[in-house]
Amino acid sequence: MEETVLDPLLAKAARAVDGEGAPPGGAGALAAAMRVNEKYSTLPAEDRSVHIINICAIEDLGYQPSEGTLLNSLSVNPDAKCKYGLYFRDGKRKVDYVLVYHHKRGSGSRTLARRVLQNDAALGTRSARQDQPLPGKGSPGGARQQEPPMDFHEDDKRFRREEYEGNLLEAGLELEHDEETKIHGVGFVKIHAPWNVLCREAEFLKLKMPTKKMYHINETRGLLKKINSVLQKITDPIQPRVAEHRAQTMKRLSYPFSREKQHLFDLSDKDSFFDSKTRSTIVYEILKRTTCTKAKYSMGHGEGRKKDSALLSKRRKCGKYGITSLLANGVYSAAYPLHDGEYEGEDVEFNDRKLLYEEWASYGVFYKYQPIDLVRKYFGEKIGLYFAWLGVYTQMLIPASIVGVIVFLYGCATVNENIPSMEMCDQSHNITMCPLCDKTCSYWKMSSACATARASHLFDNPATVFFSIFMALWAATFMEHWKRKQMRLNYRWDLTGFEEEEEAVKDHPRAEYEARVLEKSLRKESKNKEDEMEGIAQPAIPEQMASSLFHSQTRRMREREKHRNIPEESTNKWKQRVKTAMAGVKLTDKVKLTWRDRFPAYFTNLMSIVFMIAVTFAIVLGVIIYRISTAAALAMNSSPSVRSNIRVTVTATAVIINLVVIILLDEVYGCVARWLTKIEVPKTEKSFEERLIFKAFLLKFVNSYTPIFYVAFFKGRFVGRPGDYVYIFRSFRMEECAPGGCLMELCIQLSIIMLGKQLIQNNLFEIGIPKMKKFIRYLRLKRQSPADHDEHMKRKQRYEADFTLEPFGGLTPEYMEMIIQFGFVTLFVASFPLAPLFALLNNIIEIRLDAKKFVTELRRPVAVRAKDIGIWYNILRGIGKLAVIINAFVISFTSDFIPRLVYLYMYSKNGTMHGFVNHTLSSFNVSDFQDGTAPNDPLDLGYEVHVCRYKDYREPPWSEHKYDISKDFWAVLAARLAFVIVFQNLVMFMSDFVDWVIPDIPKDISQQIHKEKVLMVELFMREEQGKQQLLDTWMERGPKKSEPCSNHSPQAGPDGPENHGGAL
C-alpha cells in the first residue's frame, strides 16, 4: 500500500534531482537531503519500505504523511526492538552515551518521522554549509507548520550543538536524535562507538585487555591451604551469589590493546570484548577532547546586537575544550552513560544492575560480603576502590568494637570497687564544696555528684589506657591491611603499571582553566589593538618574523592569482593579517595563569577560611556563655530536683545545640569550600579535587571537633580560684569541671555528636532528601494535564528514565563522612570506648545505603581508572598519627589516671587509694570572697559554712603563702608530661614496627606479577621466532624483489605465527 502511495513522490524526487521542480534550496540541497547514508541511518535497510529517499526528505518536498502510513513502515513495537532505549532504532547498535539538551518547539504536534527516521548524518553537511536546512528539521518550502523563531541565545546553542555533533561524526562516532520524548522540551543525542573507534581509543588510552593466553594462579599449599579451605566453607553462606566473586584458579594474561596485535586477544565476540563501562569511558574521552570553535552563524542585522555577538563569540572561544565546557555554558544540560536496564520488576531482563540490586544494594544482604569485582565492572575502579576501602574499614572495626565493649564491661564490673567514687558517694565525709556561680549559687555537698563520679569510672579506668594503645596499633594495622588489599585489587583488576596514564590525566587542563587563559589572552589582544591604533609599537611579534611570514604568504598569493585572477591589491592586507594572527596565536599558546592572576583568589581563600574558623570559635564561645548563664538561671529555681540536675541539663542541651550547629555548618562549609576552589581555577581535575578535599576537610574538621577539644583540654583549666575567678566580658565566670573530672562530660559530648551526625546527616539526609525530591516530582506531575500524566506513566526509554535520576556528584562527600567518623573512632577513643561499636553499626547500614543510592537513585557515573584512594590515604595516616598525641593528652590531662598514680606511689600511707579525693581538694575561707560574689543564701545547707573545698592543688588559707600553687601540682604536672612523652614515643615506635613487619605487597601477589612479566616476554619471543621462521621460508622460496619488506606483522594463514602465538 505504501509503495503505491509513494511512487509519484519518488518520481517527483527523481525529477528534482535532475533539476526539474527543485525546491527553493536548489537541486544540490535536495540531493544532499535525499542522499541515503547507510552508516548513520536510524533503521537497517531490510526494515525500510523506501530505499531511495527517507521520509524526512519527503517532508521537504511538501508531502505530509499520515500517522498510519508511518506506523506501517515501521516495526510493530520499535521501543521493544531497541530494548527501550538501550539500542539505536535498528536494534543492533548499542547506546554508549547520551547527551541531553533543552529546546523550544512549537505547539503543533510533530510527526513520528521526526523521531524515528531523522537522517543524522546530515549534521556533517550542516557543519560545512550552515545555510542548508537539515532533513526532518523543516524547510522553507515545506507545507507543515513552521516553528516559532528562537532568540539568538538559543540559536547560538543550536549551532554550537550542530557543529559539535558534526565533529563527533568526524571522530567516528555514530549519533541518533530523539526530540519526541515524554519529557517536554528535552532532546536526546544517542551516541554509539563502532568497533574501529573502540580499538583506536583503547590503544590510545593503553587499556589493558585480556589476551588468549591463560595461566594458573599459584595456590597455597600445606597447612595454609587447609585453613583457607575451612574458612571458605565457613564464609560460604555470606558470600554474594555472583560469578565475579568466586575464587579463580586461572587468569588471562593482560596486555595494553594494540591494533597491530589483535591476534593476541580473543575477538570471537566483539560485542562483549569491550564492556559497557569501557565503552562509555572511551566515548567520554572523545567527548572531552572534541572541540567546538567555529559556530558559523549570523546574529542578524543592526547595531543593537553587536555587543551580544561579541559576548557570544567570546563564550564560544572560551568553550572550545569539549563537553565539560559545553555543559558549563548550557549548550547541553546533561551527559551520562546509560544504566544496563531496570533493576526490579517481573518481566525485567537480567542484567548487572539487577544483580547488583539483589546481591549488594538490598538491606536484606547486609551480612554478606560486597561483590567488589562486579561493582568495579559496572561503576569503574575508582568507585570500586571506595567500596572496597569501606568494606575493609568496616571489617577492621569488628575487633576494635569487641575490645571496646570488653573495656566498657570491665568498667561496669569494677565500679563498686573504685575507692575514689565510693568516697565521693559517702555522705559521712560531709565535704562542703564552694559555689559553682556567684551570688545565686550556694554551697553544695560533694555526695550530690555521686552518679557522675560512678559513671566516670566506666570510661576512666586503667583499661582505657590499654585501649588507647590498642587503637593506635589498630590504626596502623588497618592502614597496612588496606595497602595489601589494594595491591591485590590492582593485580586482579590489571592496574599494575598505571602511573603513565595517571600522569597523562593529571596534565589534562580543565575547561574552566582554559577559559580563564583565553579570556586573559583576549584582553591582552584587545589591549594590543588599542595600542596599535594609538601608534604604540606592538611587541607581541618580532618584526623579522612578521616580515618573513609576510613575504612567504605574498609569494603564495601571487602564485594563486595566476589561476584565480584575484586582484593584486588584495595582497596589500597580508602583512596586517599575519601580524594580528601571530599575536593571537602567541597569546593563546603562551599565556598562563600566574600567581598575580590568582592572588585575589588566594587572598579570598585565606580570609574566608580564617573567617569560617573564627565563626566556629565564636559559636563555641556562644555555647559556653549559654552554659554559664543557664546554670546560673537554673540555680535560682526553687525546685530541688531542678537544682540537683543542673549539670546534666546544661550539658545535654548545650551538646544538642552544638550538634545542630555542626550539621548546618557542615553543609555551608561544603559549599564554601567548592566555591573557594572554583575561584582558584586549578589547572587539572586532580589538582581541583585535592584542593577541594583539603579545604572541605579543614573546615569540617574544625567544625566537628572544636567543641570536643574545648571540653577535653580547655574547660576547667582557666577557672581561677574562689575569691579570684576568671570572667568572660567581666560578667560570666568560666565554668569548671565536676569533681570527678571532665572526662564524663567529654564522653557525653563525643557520643551525642557522633551518633547525631551518623543518624541525621549520614543516614536520614541520604534517605530523606531523595525521597523528598521524588515526592516533589510527583506533585509536579499531578499538576500537569491528564494527557501529560498518562504519557508520563507509560514506560520510558532508558535514557529518559536516567535523565530523571540525580547526577553523580563525586565521592568526596562519601569519603568525608567516613574520614570524620574515623576521627571520632581514633582521636578521643580514650574517653569513649564504645565509639568503634557505633561506627560499625552505622557502616553496616552505610554500605547498603550508598549501594542503593548508586544503583537506583543516581545516574551511572563515568568509569574512572584509579589504583589507590588518592589523598584520602594521607589524611588517614595523618589522623592516625594525631590520634596518638591526642589520646596521650586525654589520658594524662583530662582523666585522673596520672593523679591517681602519683598519689598511689608518692602520698598514699597504706598503698591504697583511700584519701585520694581529699588530696585533690583545696580549702578556701569564705571570708575571703570578693564583694558581691558570696552566696545570697549561705545557710542553704542548714548550717553556717566557714571553709569550703574546691578541686585544685593550692596552699590552704592558714598557710603562709595561702592560695598559691602547691608543690603537689608541679609533681603531677611533671608526671603528666613524662607520660605524654613516653606514651607517644612508645606507641609511635610500635606503629612503625607494625608498618615495617607487614609488607605492603603480599608475597604471592609479587610472585604473580613477576610471573606475568615472564609469560609476556615468552609470548613475544615465540611470536618473533615465528615471524623469523616465516621470513626464512619466504626467502627460501624466492619472493619477488618488488614486494617491500614490511615492518608490521605479515598476514598469515591458519598455521601462521599469529595463530600460534595467540594459542600460547
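R289 lies over the face of F204, at 5.4 Å from the ring centre. Keep in mind that this is a predicted model. There is another arrangement of this kind. The charged end of R860 sits over the ring of Y378, 3.9 Å from its centre.

Now the chain as a whole. It has 1064 residues, and buried residues make up 48% of them. I count 39 helices and 14 strands. The accessible surface comes to about 53,400 Å². Carbon and sulfur atoms account for 58% of that surface. Next, the contacts. Take those between residues at least 6 apart in sequence: 80% of them join residues at least 24 apart.

Back to rings. How many aromatic pairs are there? The count comes to 52. One of them is Y97 with Y284. Their ring centres are 6.2 Å apart and their planes meet at 25°, so this pair is stacked. The cut-off for stacked is under 30 degrees. Where do the two partners lie? Y97 is in strand 1, residues 97–102, and Y284 is in helix 12, residues 276–289. The pair therefore ties together parts that are 187 residues apart in sequence. The two tyrosines have their own accessibility values. Y97 counts as buried, because its relative accessibility is 1%. Y284 has a relative accessible area of 23%, so Y284 is partly exposed. The line for buried is under 20%.

A second pair is F387 with F854. Here the centres are 5.5 Å apart and the planes are at 80°, so the pair is edge-to-face. That label needs over 60 degrees. F387 belongs to helix 17, residues 381–413, and F854 to helix 33, residues 835–857. This pair therefore ties together parts that are 467 residues apart in sequence. Are these two phenylalanines buried or exposed? Both F387 and F854 are buried.

Now L355. This leucine sits in helix 15, residues 352–359. Its relative accessibility is 12%, so L355 counts as buried. What does L355 touch, beyond its neighbours within four places in sequence? The contacts are R241, V242, F350, W360 and L374. Take V242 from that list. L355 and V242 are 113 residues apart in sequence, yet their C-alpha atoms are 7.8 Å apart in space.

Out to the surface. Which residues form the nonpolar patch there? They are L223, L224, I227, V230, L231 and I234. Together they have about 590 Å² of accessible area. L224 is found in helix 10, which covers residues 223–235. At 53% relative accessibility, L224 counts as exposed, because the cut-off is over 50%.

Last topic: backbone angles. Most residues other than glycine have a negative phi. Two residues here have a positive one. Phi of K206 is near 60°. K206 is in the loop between helix 9 (195–205) and strand 4 (208–216). With a relative accessible area of 48%, K206 is partly exposed. Phi of D494 is near 55°, again a positive value in a residue other than glycine. Where is D494? D494 is in the loop between helix 20 (462–492) and helix 21 (499–506).

To recap the ring pairs. Y97 and Y284 are stacked. F387 and F854 are edge-to-face. And as for the charges over rings, R289 goes with F204, and R860 goes with Y378.

Note on methods
Residues numbered from 1 in each chain as written. Predicted model: local features only at pLDDT ≥ 70, side-chain atom pairs only at ≥ 80, totals over all residues. Heavy atoms only, no water. Patch = residues over 30% accessible without salt bridge, like charges linked within 9 Å, V, L, I, M, F, W, Y side chains within 5 Å. Areas by Shrake-Rupley, 256 points an atom, 1.4 Å probe, with all protein chains shown as cover. Salt bridge = Lys/Arg side-chain N within 4 Å of Asp/Glu carboxyl O. Helix = DSSP H or I, 4+ residues; strand = E, 2+ residues; numbered from the N terminus. Buried < 20%, exposed > 50% of the residue type's maximum accessible area, 1.4 Å probe, protein only. Contact = heavy atoms within 4.5 Å. Phe/Tyr/Trp six-rings, centres within 6.5 Å; stacked < 30°, edge-to-face > 60°. Lys NZ or Arg CZ within 6 Å of the ring centre and 35° of its normal.
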